[in-house]
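Have a look at the model first, then read on.

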Amino acid sequence: MNAYQTAARALAEKFAARAGHWDKSRNYCWQNVRELCDAGLMGMTIPTAYGGRGASLHDVVLVVEEIAKACTLSARIVVEANMGALSAVMAFGTGSQKRLCAHYVLAGDKPAICITEQEAGSAATDMTTTALRKRDHYVINGAKHWITGGGVSKLHLVFARVIDRSGCDLGIGAFLLLRDPERGIEPEGFRVTGQEHTMGLCGMPEARLRFDDVKVDHSMALIAPSGLRHGFGDLMMAYNAQRIGAAAAALGVSAGALNRAKAYLTERHQFGRPLAEFQGLQWMLADMDTKLHAARLLIHEAAQSTHERDERFPDPTMAARAKLFASEAAIEIVNNSMQMLGARGYSDQEPLERMYRDVRMFTIGGGTAQILRTQIAGSILDIKTPQRRHAHYEPYQIAAE
Ligand SMILES: Cc1cc2nc3c(=O)[nH]c(=O)nc-3n(C[C@H](O)[C@H](O)[C@H](O)COP(=O)(O)OP(=O)(O)OC[C@H]3O[C@@H](n4cnc5c(N)ncnc54)[C@H](O)[C@@H]3O)c2cc1C
């Protein structure tokens, strides 16, 4: 076990006792965030030149698995404070953008990545939020929904269609927007207009955001080196790490559930024998354990892989495989763990019912299981898989479509 994992395991013991509290109160787990900061697990992937630890993606997945065994909410925070928007900024950002993000994340901020819109979910490039390019700034207009952390996050990476002054659509770029009310930083026109009421992962805001003529300085634009026309694909390439993080969170929840089931099978007796002696349950346990190990291997393979076009990023197909398998396996493993506890598993005195609600999200958020299958199939067959009728074949098709 490496030092990061040891630190994460120690924190997970404390987090386990509080996980039910965050779930029931639906409060953001600030206490856990402070402890994650103190342990150096927020922004651990930030290069040392910017004050981070320069940890690898593999280090992060080890940490995420440990934390998720106890508290899915905290594990998601670790994912987004090391991957997602942060990966994109650290890959393509300017020095000042990297310094700004490092400063906030190391102090406990979980950046929000703002892509999804009402009419642009899986078809992310159908987004209609615009960034009108003016001489020295952009003007953002539009709305996003299901934005994780909206309302608590200070850093936002907002994806928008860049329009020039003649109305020409130049492609999709991303814009760093800082909202820090405690320091009086509240961009005019940027509002949190609502929150989704979710079945699980309670305590993590899923916000609706609105942008009405929000001015963003040119220096806050994050444009991938391939330019705006193909830049969305590059920005999403950085996002692939987040998929591996989400897979690691699903894996951790599965491992936590399996541990609970295993303990219960030896504690609980029926027909005068421990449940662990019944072959029907032993075989369930064997299947669960096998899937858990397979998921872990896929995740570790993906975390240690490199993209053929840019070795700073993981291989997108391996990331998709890891997330697809780990998220579906997690739903099954948590469900079967609950079954093994009988009525007790259905009680809110047990963490399993919370895990069951939490883990359901992972086949939806950050690329659905269907979209990931389409991506994997395209890679196997070495074909583009455009989903639009009468699709226009672009030289590079982004994964999310
Ligand atoms: C908890 C949570 C957190 C999230 N956090 C963020 C966030 O921080 N930032 C952000 O930008 N977004 C976020 N999202 C949004 C998420 O990325 C989208 O929900 C996801 O991309 C799917 O979009 P949709 O919900 O609009 O579903 P839709 O795209 O409408 O899809 C509905 C169903 O149809 C299927 N489907 C769609 N197209 C196809 C196809 N071509 N072939 C086969 N099946 C298809 C989908 O797989 C799905 O089952 C979050 C979502 C959740 C649930």
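## Domains and ligand site

In this predicted model, the C-alpha centres of domain 1 and domain 3 are 20 Å apart. Their contact draws on 23 residues from domain 1 and 24 residues from domain 3. On the domain 1 side, helix 1 (3–25), helix 3 (57–70), helix 4 (72–80) and helix 5 (84–92) each contribute at least two residues. Helix 3 gives the largest share of that side, with eleven residues. Sorted by class, the domain 1 side that touches domain 3 holds 13 nonpolar, five polar and five charged residues.

| Domain | Residues |
|---|---|
| Domain 1 | residues 3–106 |
| Domain 2 | residues 112–223 |
| Domain 3 | residues 229–381 |

Now for the ligand: which domains give residues to the shell around it? Domain 2 and domain 3 both do, so the ligand lies between them. There are 20 residues around the ligand, and I115, G121, S122, G365 and T368 come nearest. Strand 1 (112–114), strand 3 (137–148) and helix 12 (369–381) are the elements that each supply two or more residues to this shell.

What is the make-up of the shell around the ligand by class? It has nine nonpolar, ten polar and one charged residues. If you are setting the two sites side by side, recall that the domain 1 side facing domain 3 has 13 nonpolar and five charged residues.

Methods:
Residues numbered from 1 in each chain as written. Predicted model: local features only at pLDDT ≥ 70, side-chain atom pairs only at ≥ 80, totals over all residues. Domains from an automatic or database assignment. Contact = placed C-beta atoms within 7 Å. Helix = DSSP H or I, 4+ residues; strand = E, 2+ residues; numbered from the N terminus. Nonpolar A, V, L, I, M, F, W, Y, C, P; charged D, E, K, R; others polar. Near = placed C-beta within 6 Å.
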